[in-house]
Amino acid sequence: MLFFLKGKQQPVVSLLNKLLQRSGPRLSHLNAGGNGHSTNADYDKDPQILLSDENRQRCLEKMKKAAPAGAQLKGKEREKSFASVLIAICTDDKGGKPSILYTRRSRLLRRHMRQISFPGGIKDDNEDFVACALRETEEEIGLSPGRVDVWGCGNLMKPPHTAAIMPVIGVVHNFNEAELKLNTDEVEEAFAIPISLLAKPETLHYTQFKSGYSAPVFIVGDKKIWGITGFLTNTFLNSFLPTEYNHIKNRVKYIRPIKAPSMT
């Protein structure tokens, strides 16, 4: 499998090596005006529109109609389980500048170590998807369930080789990184990325797989969001952003891989 980024080929090994360069548990927040990016007023000027009841209803309707990511394979034991993740829309202490909360998985974990993800995990038999997302979030980063204004659930995603994943959307008003307490056995880092950065067209790239599909990749500073988290981020933004704010729609397109010339 090769990693294709904006038409350039890059081995997956090289990508993984870059992901392993950082170390140490921490909390961080990416400012909309930092890292060489300018603030896009479209997304910052009126959070009341983005967080309105009308936009909430529209977002949930579109999330429930979202296409599933991939297809599960028969006979895989892990695919018989269910999980949920929290897509947390965070506002600052003035109720503005909405951002999305992410974590970086601990290097101590056996699977997907140091990958960027949403807080969440495997659902217990006696709980629903919302309860699972809130419980796992509190266990991983110490965010109290009472801090989350739950909007609702999206469509169940069924990627291969892993549990089916339900995205739960909610808002954390007046978010402050200081209220988080990381469980370093599970999470190495927690950070919020402003939607004003994620929604920039130049932030969205894609991974081109030889098997014949493309997956979104968001790059903000040294943060690279890909895999199922990139897919969910792209699905959420296209559901959450009103048409006049959405400049990333239909930007992830399949491009046929370049075949190397025969040496014979």
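Predicted model: local features only at pLDDT ≥ 70, side-chain atom pairs only at ≥ 80, totals over all residues.

Visitor: How many aromatic pairs does the count come to?

Guide: Two rings are paired if their centres lie within 6.5 Å. By that rule there are five aromatic pairs here. One of them joins Tyr 102 and Phe 191, with ring centres 6.0 Å apart and planes at 25 degrees.

Visitor: Why is the pair of Tyr 102 and Phe 191 called stacked?

Guide: Planes under 30 degrees apart count as stacked. The planes of Tyr 102 and Phe 191 are at 25 degrees, so this pair is stacked.

Visitor: Which parts does the pair of Tyr 102 and Phe 191 tie together?

Guide: Tyr 102 belongs to strand 5 (residues 99-105) and Phe 191 to strand 10 (residues 187-194), so the pair ties together parts that are 89 residues apart in sequence. Ring pairs also link Phe 118 with Tyr 102 and Phe 191 into a cluster.

Visitor: Are Tyr 102 and Phe 191 buried or exposed?

Guide: A residue is buried if its relative accessible area is under 20%. Tyr 102 has 0%, so Tyr 102 counts as buried. Phe 191 has 1%, so Phe 191 is buried as well.

Visitor: What are the values for the rings of Phe 236 and Phe 240?

Guide: Their centres are 5.0 Å apart and their planes are at 15 degrees, so Phe 236 and Phe 240 form a stacked pair. Both residues lie in helix 7 (residues 227-240), where they are four residues apart, about one turn of the helix. Phe 236 is buried at 0% relative accessible area, and Phe 240 is also buried at 0%.

Visitor: Which charged residue lies over the face of Phe 191?

Guide: Lys 223 does, at 4.7 Å from the ring centre. In another case, the charged end of Lys 123 sits over the ring of Phe 129, 5.5 Å from its centre.

Visitor: Where is Ala 133 placed, and which residues does it touch?

Guide: Ala 133 is in helix 5 (residues 129-141). Leaving aside residues up to four places away in sequence, Ala 133 touches Ser 84, Val 85, Leu 86 and Val 168. Its relative accessible area is 0%, so Ala 133 is buried.

Visitor: How far apart are Ala 133 and Pro 145 in space?

Guide: From C-alpha to C-alpha, Ala 133 and Pro 145 are 9.1 Å apart. In sequence, they are twelve residues apart.

Note on methods
Residues numbered from 1 in each chain as written. Heavy atoms only, no water. Helix = DSSP H or I, 4+ residues; strand = E, 2+ residues; numbered from the N terminus. Buried < 20%, exposed > 50% of the residue type's maximum accessible area, 1.4 Å probe, protein only. Contact = heavy atoms within 4.5 Å. Phe/Tyr/Trp six-rings, centres within 6.5 Å; stacked < 30°, edge-to-face > 60°. Lys NZ or Arg CZ within 6 Å of the ring centre and 35° of its normal.
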